[in-house]
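Here's a quick briefing on the model shown below. Have a look at the overall fold before going through the notes.

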Amino acid sequence: FLLALVVFAVIILLPPVLHRQHYLVINNDTAAHLAAFEAIKNGQTNFLYLGQEITGYTLVLIERITGINIETLFMWFNFIALLFAGYMVARMTTLITESRIAGAMSLFVITYGVGSTTHLFYSGTIFNIIEMLILLPILLILVYLALKNKKVKWLYAIAPIIVLLFFFHPSMGGLLLSMGELQNIKPEAVL
């Protein structure tokens with residue numbers, strides 16, 4: 001498991017190490033995030049959701065302290081988030097299956113074997129990855145532990161993470177709302 005983590009980390013962190021001098025904006029989402037961070041840096045509050053606000057203020061602070069430009073910091077943020085996403089899925093899988101081999105395999109499968117993960121990453125929608133592959137596995141781990149240990153009262157302590165899932169990025173709340181709307185569609189309307 002440890003070897004898989006090391007290999008995974010090397011693979012994930014190799015691109016930012018090789019391209020640390022500049023960050024190529026290859027999509028509109030990344031450009032929009034960078035514009036929001038620049039607005040925050042200039043004293044304006046121009047963010048779309050909580051995740052972007054937290055990240056923006058943090059990156060602006062790190063830029064002021066270190067002098068590293070916001071584009072480079074955001075590049076590192078993206079790759080580290082992808083690394084942590086793979087790790088959280090591996091931890092969740094290891095815990096639930098009680099198999100380190102399954103955890104090590106899920107580390108690579110969720111990142112490279114699932115097209116949606118790489119699509120989200122290369123589309124610049126890193127906050128979707130954080131929400132679905134970091135925050136959601138943390139929530140599932142906590143729910144699993146609460147139910148496994150028969151500590152149902154723990155579920156109340158998990159409520160802040162559920163709230164965070166809805167406000168960190170609109171994808172989780174939007175997904176649940178759209179699923180509710182889909183239930184109201186009549187079969188003859190689709191045909």
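**All-chain overview**

The chain has 11 helices and 0 strands. Keep in mind that this is a predicted model. Read along the sequence, the pattern goes α-α-α-α-α-α-α-α-α-α-α.

**Burial and contacts**

- Of the chain's 191 residues, 37% count as buried.
- Take the contacts in the chain with a separation of 6 or more: residues 24 or more positions apart account for 64% of them.

**Helix α4**

- Helix α4 covers residues 70-97, and with 28 residues at 1.5 Å a residue it should span 40 Å.
- Its end C-alpha atoms are 40 Å apart, which agrees with that expectation.

**How α4 meets α5**

- Two packed helices are described by the angle between their axes and the distance between the axes.
- For α4 and helix α5 (residues 100-113), the axes come within 8 Å and cross at roughly 145°.
- The crossing of α4 past α5 is right-handed.
- On the α4 side, the contact residues are Leu-82, Gly-86, Tyr-87, Val-89, Ala-90, Thr-93, Thr-94 and Thr-97.
- They meet Arg-100, Ala-102, Gly-103, Ser-106, Leu-107, Ile-110 and Thr-111 in α5.
- By type, the residues of this α4 and α5 contact split into 7 nonpolar, 7 polar and 1 charged.

Key:
Residues are numbered from 1 along each chain as its sequence is written. This is a predicted model: local features need pLDDT of at least 70, side-chain atom pairs count only at pLDDT 80 or more; totals for chains, interfaces and linings use all residues. Side-chain values use heavy atoms; hydrogens and water are left out. Helices (H or I, at least four residues) and strands (E, at least two) are DSSP runs, numbered from the N terminus. The expected span of a helix is 1.5 Å times one less than its number of residues. Axes are lines fitted to C-alpha atoms, for helices over the stretch in contact, and angles run from 0 to 180 degrees between N-to-C directions. A crossing is left-handed if the near helix is turned anticlockwise from the far one by less than a right angle, and right-handed if clockwise. Contact means heavy atoms within 4.5 Å. Ala, Val, Leu, Ile, Met, Phe, Trp, Tyr, Cys and Pro count as nonpolar, Asp, Glu, Lys and Arg as charged, and the others, Gly among them, as polar. Buried means under 20% relative accessible area, exposed over 50%, partly exposed in between (1.4 Å probe, protein chains only).
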